[in-house]
Amino acid sequence: MSTIQPIAGELEQHPDVALLERVRGGDVSAYDTLVRKYERQVFRIAQHITQNREDAEDVMQDAFLKAYEKLDQFQGNSKFYTWLVRIAVNESLMRLRKRRTGKMVSIDEDVETEEGSVPRDLADWAPDPEQNYNQAELAEILRKTIQGLPQGFRIVFVLRDVEGLSTEETAETLGLSIPAVKSRLLRARLQLRERLSRYFHRKRGVEK
Amino acid sequence: MKCSEFLARLDDLIDDSVTTEMRAELETHLCRCPNCEVVFNTTRKTIEIYRSHEIYELPQSLQERLHAAIMARCKKGC
């Protein structure tokens, strides 16, 4: 008995593929859709790396323009988003280099530190610790805390945990091995946990 | 299982990339070790908090301005 077999891969095609085909065919409005879809993520990543609003604005524009110009170089072996993020990360690092003239900036910066790799703060947190702060206070705490991480840990955490890339995609984007991504992710998570503990401890008495 | 062994597998447990047997071993350790339980719960919470809070907001007006600038340059052929 014969059954209708779907063409392999056809059902799993990522929606970006069709948009990219249209862009390649000269349809700029399809690129408009892609930009709208990913501009917030690209801005966030750029801001996390450069830690500077103006730089993040420039990176966001340059990354989308570069991706548009080089679209014929995109092989389609990876997702468009992963490829775009790689461009955004490189543009962000270039901005940093410009800002810190003469100083090398790489994702390997400061990763030799052992700080925070063994948990020290073992007190439990309040049940919903973020409720003890208003939105602006909480955002400030989260910004300050993540900014204190070494660059090489911060980028891995942002791509993997905040933006939801897989370990493999993060490795590919940053040109790191999978074990290197895993090791940095664990240390990033532990360091952030340690640093947030001072704000989120279960406290006695009236809070806030 | 020692705490150091648990810690080495912490990410695998959080990311749910462990075998059933390993999960059972890790969970047994968690039940017996209050310190590792705190580390596990608060690390998971750390990720959750960063995932659910926008710490670098892109205001609508700025987003529209940047979007328009990108598209104008694309239409010009960059």
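## Cys36 of chain B and its surroundings

Leaving aside residues up to four places away in sequence, Cys36(B) touches Cys3(B), Phe6(B), His29(B) and Leu30(B), where two residues are taken to be in contact if their C-beta atoms, placed from the backbone, lie within 7 Å. This is a predicted model, in which local features need pLDDT of at least 70 and side-chain atom pairs count only at pLDDT 80 or more, while totals for chains, interfaces and linings use all residues. Residues are numbered from 1 along each chain as its sequence is written, and chains are lettered from A and ligands numbered from 1 in the order in which they are written.

Cys36(B) is found in helix α4 of chain B; helices (H or I, at least four residues) and strands (E, at least two) are DSSP runs, numbered from the N terminus. Cys36(B) counts as buried because 21 other C-beta atoms lie within 10 Å, given that a residue is buried if 20 or more other C-beta atoms lie within 10 Å of its own, exposed if 12 or fewer, and partly exposed in between, with C-beta atoms placed from the backbone. Ser4(B) is 32 residues away from Cys36(B) along the chain, and the C-alpha atoms of the two are separated by 9.6 Å.

## Helix α4 of chain B

The 19 residues of α4(B) reach 27 Å from the first C-alpha to the last, close to the 27 Å expected at 1.5 Å a residue, the expected span being 1.5 Å times one less than the number of residues in the helix.

## Chain B as a whole

Chain B has five helices and zero strands. Its radius of gyration, taken over C-alpha atoms, is 22 Å, well over the 12 Å that the globule rule gives for 78 residues, so chain B is more spread out than a compact globule; the rule is 2.2 Å times the number of residues to the power 0.38. Along the principal axes, the C-alpha atoms of chain B fill a box of roughly 65 × 25 × 20 Å, and buried residues make up 17% of the 78 residues.

## The contact between the chains

The contact takes 27 residues from chain B and 37 residues from chain A. On the side of chain B that touches chain A, two or more residues come from each of α2 (10-14), α4 (34-52) and α5 (60-75) of chain B, and α4(B) gives the most, with 11 residues. That side divides into 15 nonpolar, seven polar and five charged residues, where Ala, Val, Leu, Ile, Met, Phe, Trp, Tyr, Cys and Pro count as nonpolar, Asp, Glu, Lys and Arg as charged, and the others, Gly among them, as polar.

## Two domains in chain A

Chain A is divided into domain 1 (13-99) and domain 2 (106-208), with bounds that come from an automatic or database domain assignment. The C-alpha centres of the two domains lie 25 Å apart, and 11 residues of domain 1 are in contact with 12 residues of domain 2. On the side of domain 1 that touches domain 2, α2 (28-50) and α4 (80-99) of chain A each supply at least two residues, and α4(A) provides the largest share, five residues.

## The largest nonpolar core

The largest nonpolar core has 54 residues, and those with the most contacts inside it are Val42(A), Ala46(A), Met60(A), Ala63(A), Leu84(A) and Ala88(A); such a core is a set of buried Ala, Val, Leu, Ile, Met, Phe, Trp, Tyr and Cys residues joined through C-beta atoms within 7 Å. The elements that give two or more residues to this core include α3 (53-69) of chain A and α5 of chain B, while the largest share, 10 residues, comes from α4(A). Both domain 1 and domain 2 of chain A give residues to the core, so it lies between them.

Buried residues of α3(A) include Met60(A) and Ala63(A), and what covers the buried residues of this helix includes α2 and α4 of chain A together with α5 of chain B.
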